[in-house]
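Here's a quick briefing to read with the model open beside you. Take it one topic at a time and find each part as you go.

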Amino acid sequence: MITGSRFVRSLCGVAFVFALGGVAQATEDSPQVDYMLRCQGCHVGDGSGYPGKVPDLRVSMPALLGSVEGREFLLRVPGASLSVLDNAQLARVYNWMVDEFLPGGAPTGFVPFDAAEVERARTRPLADVNAVRIPLAAAAGIPTVY
Ligand code: HEC
């Protein structure tokens, strides 16, 4: 018969193994893990967001990447520019999102983001996102509300 304390000890063992698994995964150095830990809570796993609250990156990223201002806007939104991720990590997350979320992957001629570009943009985080986003979205032909 399994006693109460043995049962607790075996549960602890299981919890320990799960905890180790979690640490191994969370400390893995990859843009996907950075996205999961720092962005996914709002943008969800496939970038589709929440209607009315968080824009669908699968729609807005390909459209806004098409202009210099749009590309810069994507880096200046508060969730990204004020993130704890450093410039190189953030650049890597953006390049990963382009590959993962854009239907068909990175567009032809896509120039990958780098740390210097991220740094230039994030030193000017957006205070009023919609004042900048609405005209950019209209010009790119995507809905101005999400
Ligand atoms: C707390 C929720 C939250 C987190 C965390 C977050 N975002 Fe966002 N994100 C938003 C919201 C809401 C918007 C819409 C603009 C706004 O109000 O800031 C947005 C907009 C964006 C946009 C512009 C898309 C568009 O269509 O306008 C990009 C790109 C983006 N976020 C990337 C990121 C990245 C990369 C991370 C992680 C480093 C991140 N966000 C973390 C909530 C979040």
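A residue counts as buried if 20 or more other C-beta atoms lie within 10 Å of its own, exposed if 12 or fewer, and partly exposed in between, with C-beta atoms placed from the backbone. By that rule, 21% of the chain's 146 residues are buried. Keep in mind that this is a predicted model: local features need pLDDT of at least 70, side-chain atom pairs count only at pLDDT 80 or more, and totals for chains, interfaces and linings use all residues. Residue numbers start from 1 along each chain, as its sequence is written.

**The overall layout**

- The chain has nine helices and zero strands, where helices (H or I, at least four residues) and strands (E, at least two) are DSSP runs numbered from the N terminus.
- Going along the sequence, you get the pattern α-α-α-α-α-α-α-α-α.
- Two residues are in contact if their C-beta atoms, placed from the backbone, lie within 7 Å.
- Among contacts in the chain with a separation of 6 or more, 65% come from residues 24 or more positions apart.

**Helix H7 and what covers it**

- H7 has 15 residues and reaches 21 Å from its first C-alpha to its last, close to the expected 21 Å (1.5 Å times one less than its number of residues).
- Which residues of H7 are buried? They are Leu90, Ala91, Arg92, Val93, Tyr94, Met97, Val98 and Phe101.
- The cover over these buried residues of H7 includes helices H2 (31-38), H4, H6 (78-81) and H8 (115-122).
- Gln32 counts as partly exposed because it has 14 C-beta neighbours inside 10 Å.

**H4 against H7**

- H4 (residues 57-64) packs on H7 (residues 87-101) at an angle of about 115 degrees, with the axes 10 Å apart. Axes are lines fitted to C-alpha atoms, for helices over the stretch in contact, and angles run from 0 to 180 degrees between N-to-C directions.
- That angle makes H4 roughly perpendicular to H7 (under 35 degrees is roughly parallel, over 145 roughly antiparallel, 65 to 115 roughly perpendicular, and the rest oblique).
- On the H4 side, the contact is made by Leu57, Arg58 and Met61, and on the H7 side by Met97, Val98 and Phe101.
- Sorted by class, this contact of H4 with H7 has five nonpolar, no polar and one charged residues. Here Ala, Val, Leu, Ile, Met, Phe, Trp, Tyr, Cys and Pro are nonpolar, Asp, Glu, Lys and Arg are charged, and the others, Gly among them, are polar.

**H5 against H8**

- Helix H5 (residues 68-76) and H8 pack at about 75 degrees, with their axes 8 Å apart, and they are therefore roughly perpendicular to each other.
- Glu72, Leu75 and Arg76 of H5 meet Val118, Ala121 and Arg122 of H8 in this contact.
- The residues in the contact of H5 with H8 split into three nonpolar, no polar and three charged.

**Two loop residues to look up**

- Pro107 sits in the loop between H7 and H8, and it counts as exposed because it has 12 C-beta neighbours inside 10 Å.
- Leaving aside neighbours within four places in sequence, Pro107 is in contact with Pro62, Leu65 and Leu102.
- Pro107 and Pro62 are 45 residues apart in sequence, but 7.7 Å apart in space, C-alpha to C-alpha.
- Val44 is in the loop between helix H3 (40-43) and H4, and has a positive phi of about 55 degrees although it is not a glycine.
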